[in-house]
Amino acid sequence: MAAARSALCLDCRAALARGERCDGGARHRVVRLDEPTERGRALDEVWGPPHLRARKAATVGGTSGGTAGLLDGCGGCGELGDCGGAVGSEIGAALLVVLVVAIVAVLLWWIGSKIVHAIRRHRARLRPRGVKWRPGGPSALRGTVTAAVGVTAPVTDAACAAWGLRLRHGDALGGDLMLRDGDSAGLEITLADGARVQIPAGRLRLDGTGERIDGADRHVRALDPFATAKDPFLPLAHDRGEELRLAVGDTVELLGPVEPRPDPTAAAAGYREAARAVLVPVGVPWLRRVDA
Ligand SMILES: [Zn+2]
């Protein structure tokens, strides 16, 4: 089970536990999402200050109103019909020509107004500010997941050795990443030379190709208790989610630094065995799943 997270790094959008500092950088700004004032800072970062948010909401609302106005204009068809009726007292052929011209004109006007409306709506759409997804660089430390305590992925409920989650927004400014999260209950990786790496239980960074998922709102609500479905301005606004799961047998690369530690499981086996070491990540573990 993942440790409860209720904080967000504004600079790399990592989900963090309350009071936890971001591993992404010493200057990264972390805010709590379960505290209204701090959550307000997240909203300012993602959507701009309150007066700007109100203006954006009004613009989009106004454009929608414009649609109604444009469609209301269709009432003019009836008047055209009446005109046709008036001309009908004249010559029949002339009536037909006028009718055809009128219908074509109305049709063109209707198509044109639809296009104008679509352009206005596209320009006025609400666009949050995200950050760029920064995957880790190449790594020579490659191995296989050989053991895991096992966890459940938060959105799909699938059993796995570790999970990663990314929320993205296709219309976002600055970068499309809105949230990244990941966790394990502890796992072991055996490198090609036989060395073992122990990943402790807790938060981790998991790179690799994710699977598109629905239902990430559930994870958003767990992180942001003030999130409501109708609110157009959410700190964790997104239009798609990606889940990445690690299983025993998967090939992984270690992207962060590791250091040797005495192997606690070998301590009881005697002096020679106790001298054996395992590798452990320095700081928050950072892995990449290598696709076959
Ligand atoms: Zn950060």
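Author: The protein chain has six helices and 18 strands; these are DSSP runs numbered from the N terminus, H or I over at least four residues for helices and E over at least two for strands. What you're looking at is a predicted model, so local features need pLDDT of at least 70 and side-chain atom pairs count only at pLDDT 80 or more, while totals for chains, interfaces and linings use all residues. Residue numbers start from 1 along each chain as its sequence is written.

A bit of background on the whole chain. Of its 292 residues, 28% are buried, where buried means that 20 or more other C-beta atoms lie within 10 Å of the residue's own (12 or fewer is exposed, in between is partly exposed, and the C-beta atoms are placed from the backbone). Take the contacts between residues at least 6 apart in sequence, and 65% of them join residues at least 24 apart; a contact here is a pair of C-beta atoms, placed from the backbone, within 7 Å.

Now for the close look: let's go with strand S7. S7 belongs to an open, antiparallel sheet of five strands, ordered S11-S8-S7-S14-S13, with two strands counted as paired if DSSP finds at least two bridges between them. Strand S11 (202–203) and strand S13 (211–213) are the edges, each pairing on one side only.

S7 covers residues 162–168 and is joined by seven bridges to strand S8 (residues 177–184), the two running antiparallel. Along that pairing, Arg168 has Leu177 as its bridge partner, and Gly164 sits opposite Gly182. On its other flank, S7 pairs with strand S14 (residues 240–246), again antiparallel and again over seven bridges. There, Gly164 has Leu244 as its bridge partner, while Arg166 faces Glu242.

How buried is S7? Seven of its seven residues are buried, so the strand is largely enclosed by the rest of the structure. As a rule, side chains in a regular strand alternate between the two faces of the sheet. In S7, Ala162, Gly164, Arg166 and Arg168 point one way, with Trp163, Leu165 and Leu167 pointing the other, and all of them are buried.

Step one strand over and S14 is mostly covered as well, with six of its seven residues buried. S14 pairs with S13 in the antiparallel sense through three bridges.

The largest nonpolar core has 25 residues, and Leu8, Leu16 and Leu236 have the most contacts inside it. (Such a core is a set of buried Ala, Val, Leu, Ile, Met, Phe, Trp, Tyr and Cys residues joined through C-beta atoms within 7 Å.) Two or more of its residues come from each of S1, S2, H1, S8 and helix H5 (217–223). The top contributor is H1, with four residues. Leu16 touches Arg5, Ala7, Leu8, Cys9, Cys22 and Val30, leaving out residues up to four places away in sequence. Apart from this core lies another one of 22 residues, including Ala148, Cys160, Ile189 and Ile199.

Strand S1 (residues 7–9) and S3 are joined by three antiparallel bridges, with Leu8 opposite Val31.

As for H1 (residues 36–47) itself, its buried residues are Arg39, Ala42, Leu43, Val46 and Trp47. They cover an arc of only 100° around the axis, which puts them on the same side of H1; the arc is that of the directions from the helix axis to the C-beta atoms. After H1 comes Gly48, with a positive phi near 90°.

Technical notes. Two residues are in contact if their C-beta atoms, placed from the backbone, lie within 7 Å.
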